[in-house]
Amino acid sequence: MTWFGVDYMKKNRKIASLAKVVRNRRGDKQAQAAQALSDIGDGEAARALLALSLNDDIAVWEPAQRALMEIDNEAAVPALCDALMSGNYSIAKPVLAALTNMESDLALGGLLKALEDERLAPDVLVALRGKNRAEMVQPLEALLDEVTSVEAAVPKTRLWQQSMGRDIIALLAEVEDVGTVKALHHFLRNRQNAPVRLRVQAAHTLAAKGLEGEQALAGYVGEDFNDVPRVMLLVECMPNEELINILFEVMPPRSADEFGQALMVCLNRMDPGMWKYIVALIERLDRDNARSALLLWFVQSKAASKDTAYVLARHGNTRPVLVKRLVDMVRFEEQEARLRAGNLLYELYADRLITEEGVHLVEPQRDEEGKTSDYQYIGYQD
């Protein structure tokens, strides 16, 4: 091996000489010299690669940045962090990659410090994926609080804020530390005007955090059963039997009516896919006034919810009125509502929830293929 060989320079830590090879040579020797600097990986070697990465010649900065990304030596962290916070964003990507590859506390600290830079923050959030460190919670909570503190007036900025918020909450979901429960709970409580998508994501994440998360979410909803947006967040997290059990355990008796009223509002605001969960909650409340309101909604919606019909049929104070209203729908409504009402009458009868009292007043009408396409009222005429 000659005195100027790359291996010799690497062995003897000839940083300046290796940097000169990267700057002045091309081909395999240039790549080998850049890799040698990466393998040495101390502060001096990192600074040499950083300087080469800022070179105007793509033939120089490209191999230098590739080598920079592969540094795996904690001694290089201070130099990498200084470069990251210098404001020179042309080298941010390889520096972040190098810090991401290291599992040291020092490297993690550098990444978390970089969250304070608005332009770096999105890339840092990507770099933090999979880290699962408790030290991440406080900086992430602070960043989430910052990006949701003020609603942006410009649509592009608003989209950026929401994207950042989603990424932060996704990271909090990864971290297995009880501090994430506190962070998400604080977000729901303190940022009630934050975008609905972010609040729903935070509620889902909180409910998935085990018993502590479920208790926190139940407590948040239980603070104000009149608050429809809170109750809607609860419904979004269904099904979750443990969460519901906790909620009903802490619910004061006087709050049941408030909860029932909020759930009825949810029926009018939420998608049909959520109705079955809302109806199940109303049934568990076991309040006559809530079931009466549910019956009125069912009639006004023209039998739009099968789950509602089953809840109403299971209770003696609503069953007779339900049957009468279903028969009336067959008698007076349009074909679509007649078909829903007639099918429900026959299904409820088959499941032994109602007697033949209503069924014998309506008759199915079949198409050429023998399928029921409508129902006709055949009871007593006025």
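How many of the 10 residues of helix α7 (residues 92-101) are buried? Hold that thought while we set up the view.

What you have open is a predicted model, in which local features need pLDDT of at least 70, side-chain atom pairs count only at pLDDT 80 or more, and totals for chains, interfaces and linings use all residues. Residues are numbered from 1 along each chain as its sequence is written, and side-chain values use heavy atoms, with hydrogens and water left out.

**Stop 1: the whole chain**

Show the chain as a cartoon and you'll find 23 helices and two strands (DSSP runs numbered from the N terminus: helices are H or I with at least four residues, strands E with at least two). The radius of gyration, taken over C-alpha atoms, is 32 Å, well over the 21 Å that the globule rule (2.2 Å times the number of residues to the power 0.38) gives for 382 residues, so the chain is more spread out than a compact globule. Buried residues (under 20% relative accessible area with a 1.4 Å probe, protein chains only) make up 47% of the 382.

**Stop 2: helix α7**

Now select residues 92-101. Here's the reply to the opening question: seven of the 10 are buried, leaving α7 mostly covered. Color them in: Ala92, Pro94, Val95, Leu96, Ala97, Ala98 and Leu99.

**Stop 3: a cavity**

Select Met102, Glu103, Ser104, Leu108, Lys131 and Arg133, which line the largest cavity. A cavity is a set of points on a 1 Å grid over the protein atoms alone where a 1.4 Å probe fits but cannot get out, and lining residues have an atom within 4 Å of a point. Its volume, the space filled by probe spheres set on the points, is about 40 Å³. The count of cavities of 30 Å³ or more comes to one.

**Stop 4: Thr308**

Finish by selecting Thr308, in helix α20 (residues 306-313). Thr308 counts as buried because its relative accessibility is 0%. Leaving out residues up to four places away in sequence, Thr308 touches Val279, Leu294, Trp297 and Phe298 (a contact means heavy atoms within 4.5 Å). Show Ser305 too: a polar contact of 2.9 Å joins the side chains of Ser305 and Thr308. That term means a pair of N or O atoms within 3.5 Å, one able to donate a hydrogen and the other to accept it, with residues adjacent in sequence counting only if both atoms are side-chain atoms.

Methods
Buried < 20%, exposed > 50% of the residue type's maximum accessible area, 1.4 Å probe, protein only. 1 Å grid on protein atoms, 1.4 Å probe; cavity = no way out; pocket = protein on both sides within 12 Å on 5 of 7 lines; lining within 4 Å.
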